[in-house]
Amino acid sequence: MLPLAERMRPKRLKDYIGQKHLVGEGAILRQMIESGNLSSFILWGPPGVGKTTLARIIANELERPFYTLSAVTSGVKEVRDIIEKAKQTKALMLNFGQQNGIQKSKNQQGSPILFIDEIHRFSKSQQDSLLGAVEEGVITLIGATTENPSFEVITPLLSRCAVYVLKPLNKSDLMELMERTLKEDEVLRTRKVDIQETDSILRYSGGDARKLLNILELVVNTTAPTEEDGTIVIDNQTVTMRLQQNPVAYDKDGEMHYDIISAFIKSIRGSDPDAAIYWLARMVAAGEDPKFIARRLVISASEDIGLANPNALLIANNAFDAVSKIGWPEGRIPLAMATVYLATSPKSNSAYCAINSALELVKKTGNMPVPLHLRNAPTELMAELGYGEEYKYSHDFPNHFARQQFMPDMLQGTQLWVPQDSPAEKKMADWMHYLWGDDKKNIN
């Protein structure tokens, strides 16, 4: 028998739960389905939020031929074979309709759909092999990825595809899924299941529908019914106990992917090299993509260590380069080096906080004019208007510093970078105070 998550996979849009910003009334993907005008796109989101299901539903709703490839098991040859099949299918459909006088509905007039799971794992050559077919409309590409497409999908392909972000399911989505499952699943509806508490099952699912259904199936199958009336009672304690007894049962196909990386990064942030190495080993043993780990190290070096030890970013970036060149299994060594270095480094998130504060300020104040003396003056007219006229070239002054205004007029005196208490940042703060004096009075 199929697993519960597969039995409950919806086939029509009306049964799809979540992602209202994409499939709700008036949302972009619903408009595509209703109009029959489907363009290529990439679905980006964490595991278990409905990327594959949504792609299949779109093909069903539009009555299009649907081909699938996995980036893990497919190469350029498989891509080209699928594109050739799509060409033949499209030609056969067109010829059959013309010979039999059949007018296709607007939904059937488009190209076959090619769905590529984990498209971020496609190499450049594999992605290049898709370009012509997407450009010519031989196929409509739907990609799915858990990684930021900006980093993992080549620019020419990305320019031909929209990117839509899928969100983790919220509490109401997960509750709706549980209630529907207990009523509609062919197995569970024959049993007396009483869910008395939901906090644990919702927390462990983490917004992942597949994980939720796997946990539900596990707990129902491993909990003895009551002697009185045969009811299977599920509460927070039961869920926690069953998952502790079966730690792998609800983690099929790497569903703890984000839990493990979260523990890894938090251990580095918390300056615990032993825990960080342990979580790294868990990912290495599970066959995690080494570049995924290396990217998170680069982010951690920037976000959590930052100006307290700028060398951390260099170490993390070098580790990324090393694993890109040597792969597994030797790649575990530079990753381990970087992990220990980052975990044992002093920590600061002042740069992270500064850019977030600056973005919030830009959002509130809009496009404030650049002070005249800071503007570029590439033309004679701009020079006549005073662009750049009173700018002081810092290197012409002692300490390579000339006191002048750099913020927009309305934002003078605004402090965005707040140094923290690491020795490196105290030194930076002292230097700023030496140069600016009371003009940077908030810098301590």
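Helices (H or I, at least four residues) and strands (E, at least two) are DSSP runs, numbered from the N terminus. The model is predicted, so local features need pLDDT of at least 70 and side-chain atom pairs count only at pLDDT 80 or more, while totals for chains, interfaces and linings use all residues. Residues are numbered from 1 along each chain as its sequence is written, and side-chain values use heavy atoms, with hydrogens and water left out.

Start by selecting Arg-30, in helix H3 (residues 28-35). Arg-30 counts as buried, at 19% relative accessibility; buried means under 20% relative accessible area, exposed over 50%, and partly exposed in between (1.4 Å probe, protein chains only). Show the residues around Arg-30: beyond its neighbours within four places in sequence, it is in contact with Leu-13, Leu-22, Val-23, Gly-24 and Glu-25. Contact here means heavy atoms within 4.5 Å.

Next, select Gln-19, in the loop between helix H1 (4-7) and helix H2 (20-23). Gln-19 is not a glycine, yet has a positive phi of about 55°. At 5% relative accessibility, Gln-19 is buried.

Move on to Glu-63, in the loop between helix H4 (51-62) and strand E2 (66-70). Glu-63 also has a positive phi of about 55° without being a glycine, but at 45% relative accessibility this residue is partly exposed.

Now select Arg-203 and Tyr-204. Arg-203 lies over the face of Tyr-204, 5.3 Å from the ring centre. The criterion is NZ of Lys or CZ of Arg within 6 Å of the ring centre and within 35 degrees of the ring normal.

Turn to the aromatic pairs, of which the whole structure has 5. Select Tyr-278 and Trp-279: their ring centres are 4.8 Å apart and their planes at 70°, so the pair is edge-to-face. Rings of Phe, Tyr and Trp (its six-membered ring) pair if their centres lie within 6.5 Å; planes under 30 degrees apart count as stacked, over 60 as edge-to-face and the rest as tilted. Tyr-278 is partly exposed at 43%, and Trp-279 is partly exposed at 22%.

Then select Phe-401 and Trp-436, with ring centres 5.0 Å apart and planes at 75°, so this pair is edge-to-face. The pair links distant parts of the chain, 35 residues apart: Phe-401 is in the loop between helix H19 (380-384) and helix H20 (423-436), and Trp-436 is in helix H20. Both Phe-401 and Trp-436 are buried.

Finish with helix H17. Its buried residues are Pro-334, Leu-335, Ala-338, Thr-339, Leu-342 and Ala-343. Looking down the axis of H17, these fall within an arc of 160°, so they line one face; the arc is that of the directions from the helix axis to the C-beta atoms. On the face turned away from the buried side of H17 are the exposed residues Met-337 and Thr-344.
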